Amino acid sequence: MQRLRIFLKTQNWKVILVLLLLTGLLSAPIYYHRIAVPVDTDYGSHVAFAQQILDPDLGKGVPLSHPILQYILIGLHLGSGRLLGLYASLMVLQVLVQVFTALIIYFWIGPAEQNHWDWLRAGAAISLTFVAPIMLLAFRDGLFYYGYIGLANYHNPTIHLLKPFALLSLIFASRAVSNETSRWGTIGMAAALMVLATWIKPNYSLAILPALGLVVGIRLLQRMRLDWKMLAFGFYLPGVAILLIQWLIDFQDIQSGTGIIFAPFTIEGSYSGFLAIKFLLSTFMPLLVLVIARRRLLQDPDLLVASAGFIVGAAQFYLLAESGDRMYHANFRWSGQIMLFLLFVVTVRWYLRQRVQLKAKHFLEKILVYGMYLAHLIAGVVYYIYCMVSIHYR
């Protein structure tokens, strides 16, 4: 209790209030527009699933492998005395998730003895919820989303809902490989986040579990201590259990011909060309920071876990697909998106904390990193405007 009082007393609540208000005010128009106006999005299908849960007579009530979004919408709808419809509940939820994500980033960046530091980390937290790939090739192919590994996503509610919970889970994942030993309460929180994130959308778990295996191998070669209890009970047991249940729900009908196949570049290549260039345009800033941090990459648990997670997520993005009728649903695209978002957050946090007091000899490095981040942010503003004026998100 004493620790909580100290924490509350030491916060810059003016900055936090600005962060909350600004994130909410900036995100509300885009979600209102994309949900209230008939445009090309996935929102309608998710609302229809929620309606089926509320009233099974509306449909056959197909079991959902990741139904958390629907139950949250139903909770908001019923909790408001049905004053909020399902679409209005979805608008409220999308804005709240963006605010929650920015708040997590702000607190995770943490305090520092620097002038205007709280404003700097607030700016980073807000902007990280809007950054996008640098879609320079839009001048040639007219595509703002396809072919890139997306960051800002204004058409799919579950990948958006996944972000804050995946970020919290990643913090625990880094702890598991950083020479720390966790108590059972902490392990329980990690397990709860893993279950929740997987039920929201399985792609984070599909990426982080193999990534942690890769990191564990590296740590063993380094002869570093690992938190085996956290890894087993906080990640692998809950993650594998929920993924298995989802597999049984999604692929229980063997006759449907649906499964997971190795199909290199088949899906993304069918939507767009220039995949190699678009990969670089999607990842310029975090890759630049990883080059700068290359000598510390294998020692820093945050950078190591996020990098391994992105490698796995990008591999799934480009190489895997579902067979049958769901092939072009492109559901492995979400693995690359969630892990790139986490890599952005981790690399921005690392750079701010490690390089905020750069000397003159690092001036060009600062210009390059901040300039590249600004390019991603400007691209995010462009994509925001595009999604406001176009019925498409592509």
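Mentor: Let's start with N179, which counts as partly exposed at 35% relative accessibility. Keep in mind that we are looking at a predicted model.

Trainee: Where is N179 found?

Mentor: Look in the loop between helix 8 (157-176) and helix 9 (184-200).

Trainee: How should I read a phi angle, and what is the phi of N179?

Mentor: Here is the general idea: most residues other than glycine have a negative phi. In this structure, N179 has a phi near 65°, a positive value in a residue other than glycine.

Trainee: What is the phi of H116?

Mentor: For H116, phi is near 60°, again positive in a residue other than glycine. You'll find H116 in the loop between helix 5 (86-109) and helix 6 (117-128).

Trainee: Is H116 buried or exposed?

Mentor: Exposed means over 50% relative accessible area. H116 has 62%, so it is exposed.

Trainee: Which residues line the largest cavity?

Mentor: Among them are I267, F317, L320 and R333. Strand 2 gives the most to this lining, with 3 residues. Helix 12 (266-271), helix 14 (301-319) and strand 2 (320-322) each supply at least two.

Trainee: How do the lining residues of the largest cavity divide into nonpolar, polar and charged?

Mentor: The lining has 7 nonpolar, 2 polar and 3 charged residues.

How values were computed
Residues are numbered from 1 along each chain as its sequence is written. This is a predicted model: local features need pLDDT of at least 70, side-chain atom pairs count only at pLDDT 80 or more; totals for chains, interfaces and linings use all residues. Side-chain values use heavy atoms; hydrogens and water are left out. Helices (H or I, at least four residues) and strands (E, at least two) are DSSP runs, numbered from the N terminus. Buried means under 20% relative accessible area, exposed over 50%, partly exposed in between (1.4 Å probe, protein chains only). On a 1 Å grid over the protein atoms alone, a cavity is a set of points where a 1.4 Å probe fits but cannot get out, and a pocket is an open set with protein on both sides within 12 Å along at least five of seven lines; lining residues have an atom within 4 Å of a point. Ala, Val, Leu, Ile, Met, Phe, Trp, Tyr, Cys and Pro count as nonpolar, Asp, Glu, Lys and Arg as charged, and the others, Gly among them, as polar.
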